[in-house]
Amino acid sequence: MDEQKPSGKQEEVCPSKRGKSDLLSLREQIDSASTNKIGPEYWRSLEELAGSPEFQEALHREFPKGASEWLDSVSRRGFLRVMGASLGLAGMTGCVRMPLQKIVPYVRQPEEVIPGKPMYYASALTLGGYASPVIVESHLGRPTKVEGNDRHPASLGGTDIFSQADLLTMYDPDRSQSIVSIGNLRSWQSFVDEMQGHLNAQKAMQGSGIRILTATISSPTLADQMRSFLKLYPQAKWHVYEPVNRDNVLEGAKLAFGQPVEAVYDFGKADVIVSLDADFLYGAFPGNVAYIRQFAHRRDPDQKMNRMYVVESTPTATGLKSDHRLPLRSVDIEAFAGALAAAVGAGGAGSPNADWSKFLNAIVGDLKNNPGASLVVAGDHMPPAVHALAHAVNAKLGNVGKTVSYVEPVNANPVNQVDSLKDLVADMNGGKVDLLVIIGGNPVYDTPADLGFTEAMMSGKVPLRVHLGLYQDETAELCQWHVNQAHELEAWGDARAYDGSVCLIQPLIAPLYDGKSAYELMAVLAGDPEATGYDIVRGYWQKQHAGADFSEFWRKSLNDGFVADTAFEPKAQALKLASLPAPAAPQNGAIELNFRRDPTIYDGRYSNNGWLQELPKPMSKLTWDNAVLLGPQMADRMGLKAKDVLELDLNNQKIRGAVWIQAGMPDNAVTVTLGYGRMRAGRVGTGTGFNVYPMRTSSSLWTASGVQLRKTGDTYELASTQGMQSMETPNGAVRHNVRETSLDDYRQHPKFAQGEEPSADTTLYHPYQYKDEAYAWGMAIDLNRCTGCNNCILACVSENNIAVVGKEQCLVGRHMHWLRVDVYYEGDRDNPRAFFQPVPCMQCENAPCEVVCPVGATSHSTEGLNDMIYNRCVGTRYCSNNCPYKVRRFNFLLFQDWTTPQFKLMRNPDVTVRSRGVMEKCTYCIQRISERRIDVEIASVQQGKDVRMGDELETACQQSCPADAIVFGNINNPDSHVSKWKSGPRNYSLLGELNTRPRTTYLAEVRNPNPELLS
C-alpha cells in the first residue's frame, strides 16, 4: 500500500464526514421528514433521511470535496497546464516503466505446466479450528486466487471473506521471515539443539515443567501428535485458548445433555427460523457458507418460502435479512429465551415483557404450527443457559434429527478454554512451568485482562518461552525463541470442517521464508526433528487407512481436498435439562457493553491484512477502524454525534474510542469490536483503532453491565463508505433504488417491481442488434438471496488486482473497490428494516460514460460489454461524472505497490495492473470470458462442430457467492440461467427510467412477514 501524505492544508471533505450533520441538529428534520412523508422512503444514512443541505451538496458532486485534487505540491490542474494534453501524457499516466530483468528459460518444461494456463489444487484454510474447503488457482507455482470447493458440502463452491483474504496474508511482506532468539537471528538447527537439551532435562520429571498452549485445533494429525507427546511426557499439560471461542456453546450442551456436543443445522428444511443473537449468515460462524446457501435457497417467493425472526443485541447481516427483528440488550435476550422455552412447554422460566410480548407470541404461534420444520439458533456469545434453552425448544418441537443434529465437537481438546488458561497462569505464577510452547495465537494481546497472562510472562518465572507464529507480534516479543510459521498455503496439514469431515491441506508453494508448521515443531518436541510436514500427515493417514490401496486413497483425497466418509455421525441426545443458572438481573439505568468479534479483522489476527482493513463492515460501512456503536435514541439523550471521542470506564479500566451512531441498536447498549489497537501487527495494522481487550475479563468475555461513558470533547475521523457514491433520488420522488414487497402482495402483484421504462428505440444512440451476435453478456442479482456478506467485493479485489488505498484516501472517497454493497434502511431509525444491494458496473447498452470520453477509452463491444482501454485513459473523469450509478473509480495516486516482490507474485497475470491516472471499473471479468472463449474455440476445432460457452462461465463475484445470489451468462441463449432470471416477474433495472438499458438487473426483494406483527 502506498499512502501519500498531503504537503499542505487539506480541504474539508465530504459533508457526511465533516461532523456538521450531527444527530442532534438533524433530529427535528428527521422527525418532520418521517411525519410529512417528504424524505426518501429508503435511505443509506441519517443525513440522507433528513435531506440535509450537506448531503445534497455531496450528492451532486462527482467526488467528495478535496478528492479531485492531488495531494502534492503541484495540483493536477497545474500539471495539465504545464505539460499540455499531449499523447505523451497518455503514456505517462497509463503505465509505469518496469525495470528490465534477465530471465532464464526452461531447460526442459514440465509436461503439466503450460505458461498462461492456470492450475487448480484442492486445499483448506482454517479459522477458529474449523476448516474451509477451497480450490486455489496457481500460475506457474504462484497461488493467485482462492475459490470454494464445490465438491464439499461445507463449501459447495462458495467462500467467506477470510478465505479470500488469506491469500494476501500469505504474501504479506511483514510476516515473520526468520527464527529469532533474544533479538538475534538463529538457524533451525540451533533451535532444535536447544530444545533437545531442555527436553532431555524434562524426561526425568516426566515433563512436569512443560506446558503447550495452542489455539483451537481440529487437525486429526496434530491431535495425534499431541497425544503421543503427552504419553512421552505424561506430566506435561496441553492448554487451549483463543479469544473468540465456543466455550458457551459446549457449556450449554453440557447443561442440556450432560456432555459437550455441537449442533449441525439444516436451514434448508426449516420453514421457521428463530435466531437468538446468532449471526449465522456472516463469515466466521462455523458452517456459515453452507448455511447461507441453505437459507438463501429457501427465500424463493415462487416456492415455499421460509420465515425468520431475529432477536439481537447488535445489528448484523443476519438480523437485517430477517422478516422480523427485535433489538434487545444481551441480558434481555436471556430473559426472552426463558420466556420462549416456557411458552412452548420446553421448561425454562420467565414471563413475557410488555415491550416484546407481541413479538414473542407471534414466534410461539409460528413454531407450534411448524413442528419438525422449525429451528432455534443461539449465538456463540450467548450465555450457556440460552444455548441449553435453544436445545430444549428444538427437542420439544421435534426438530432434532430433521433441522438440527448433534455431533462430536470439532475441537480435538474441547476443554473450557478460559478455565484452561486460568490453570496455565496459576502454574506459571507458581513456578511450575519450565518450558512454555505457544503454538499460534497471540495470548499476550488477547487474553482476559484479569487473568494476568502478560504479567506472568514478564515475571521471569518461566525460564524458557517459545512462540510459533506468522508474525513477530506482542507474544513473540516476550518469548526467548520465536519460530516463523509457514502459512497454510505453504504447508501440509489437515483439519475438520463444521460437520467433522476431514479436509487435507496441501501447499501451493514452498514456504517463502522457510517457515515451519505446527506439525514440524511438535515433531521436534517428540524427538524427531528430521520429520517433514508431508511425512507426518501422510504417515498418520497411512495408519488410518492401512492396506495396499493407500496410494490410490491418498491421491484421491488430495484431488478431492477431503477424506471421504469422515464426517461425524449424528449422536442421539437425551435432554437432561437441569436447573439453569439464574439470568443476571438487569441494573436499572445501567449501560450494557457488548464485546463482539470484528466483522473484518476477526479477533485481530487479520489486522495487517489491507484487503480486510479496507473492506467496509456490513452495517456501518466503516473501514480501517472500530468504533463505539450506539443507537440514535441513546445518542440523542447523551448529546452525542458521530466521531465524538468517548471514554469508557468499566471497573476502573478506561479506554477511549470514537462514536458511530448505528440505526437499529437497542437503547442503553454499546457495542465494541475486538482486534484493533495492535502494537506489533505490521505496517498496515499497527496503531489502527482502539484496543478493547483490557476491558474484557474472564467472567465478562462478551457482555458487561455498568460501563460509564464520558465525552472527552475530542473528535476522531472515521472512514465510512456508507454516504459515498449515492445515486440521486430527490426527496419525495417515487424512484426507489431498491424494490421490495411482502409475500402476500407479491402473489397478488407479481410484477410490482417492473416500472415504466422507455422503449428500446427511444434513444439517440445508434441502435445495435446484439441479438444477432453469438453472445450478449448479462448479469442478474437476486436481492432476496443476497445476505450482505461482502464476499463478492473481496473476490473482485483478488481477481482484478485492485489496490488498497489506506484510511486517508478512504476519507476523501478514493477507495478503489469495483463493486460495492449498498445498505438501504426503511422505517423507524431505532429498528429499521434494511436491504442489501450489490452495485457493480451496469454495463449499459446506452452507456452515458461512452459519449463523453474525449479519447475513446471507454467503448462498447459487439457483445454488449462496456470496455475500458486503460492505455487510452488520460484521466478527464468525464465518464465518472456522467455515470448515474457511481460505479467508476479513478486511480488518483500510485496506489499499486510496484516494488515489493511478494505482491508481484500475488497478482493475477491475466489482468492489467493499473497505474496512476486511470479510470477503473467492473469488466464482468473479461479475462475469464476470453479464457473460456479460447477453450471453446479449441473444442470446436477438435469436435468439428460449433461449441458455445454455457453457464459454466462465472465471474469472480458469482463464483465466490455462498448464496448463489449472482448469475451471469449469455442472454441471447433463452435457456441460460441468466435469461431465465431476467424473464421472471421480479426482474427490474436500476434507474431504468433513465433509458441506459443496463445489462445488470435485479430481482426485487420479497419478505415473508407474520400478519400478526403487521397490525
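Biologist: Why is Gln902 called buried?

Modeller: Gln902 has 13% relative accessibility. Buried means under 20% relative accessible area, exposed over 50%, partly exposed in between (1.4 Å probe, protein chains only), so at 13% Gln902 counts as buried. Keep in mind that this is a predicted model, where local features need pLDDT of at least 70, side-chain atom pairs count only at pLDDT 80 or more, and totals for chains, interfaces and linings use all residues. Residues are numbered from 1 along each chain as its sequence is written, and side-chain values use heavy atoms, with hydrogens and water left out.

Biologist: What makes a polar contact between the side chains of Gln902 and Tyr513?

Modeller: The two side chains come to 2.7 Å. A polar contact is a pair of N or O atoms within 3.5 Å; within protein, one must be able to donate a hydrogen and the other to accept it, and residues adjacent in sequence count only if both atoms are side-chain atoms. So the pair qualifies, at 2.7 Å.

Biologist: Which residues does Gln902 contact, leaving aside neighbours within four places in sequence?

Modeller: Tyr171, Pro173, Gln177 and Tyr513, where contact means heavy atoms within 4.5 Å.

Biologist: What makes helix 25 mostly covered?

Modeller: Nine of its nine residues, 791-799, are buried. Helices (H or I, at least four residues) and strands (E, at least two) are DSSP runs, numbered from the N terminus. After helix 25 comes Asn801, with a positive phi near 55°.

Biologist: How confident is the predictor overall?

Modeller: The average pLDDT, its per-residue confidence from 0 to 100, is 87. Residues 1-24 stay under 50, and residues 66-103 are also below 50.
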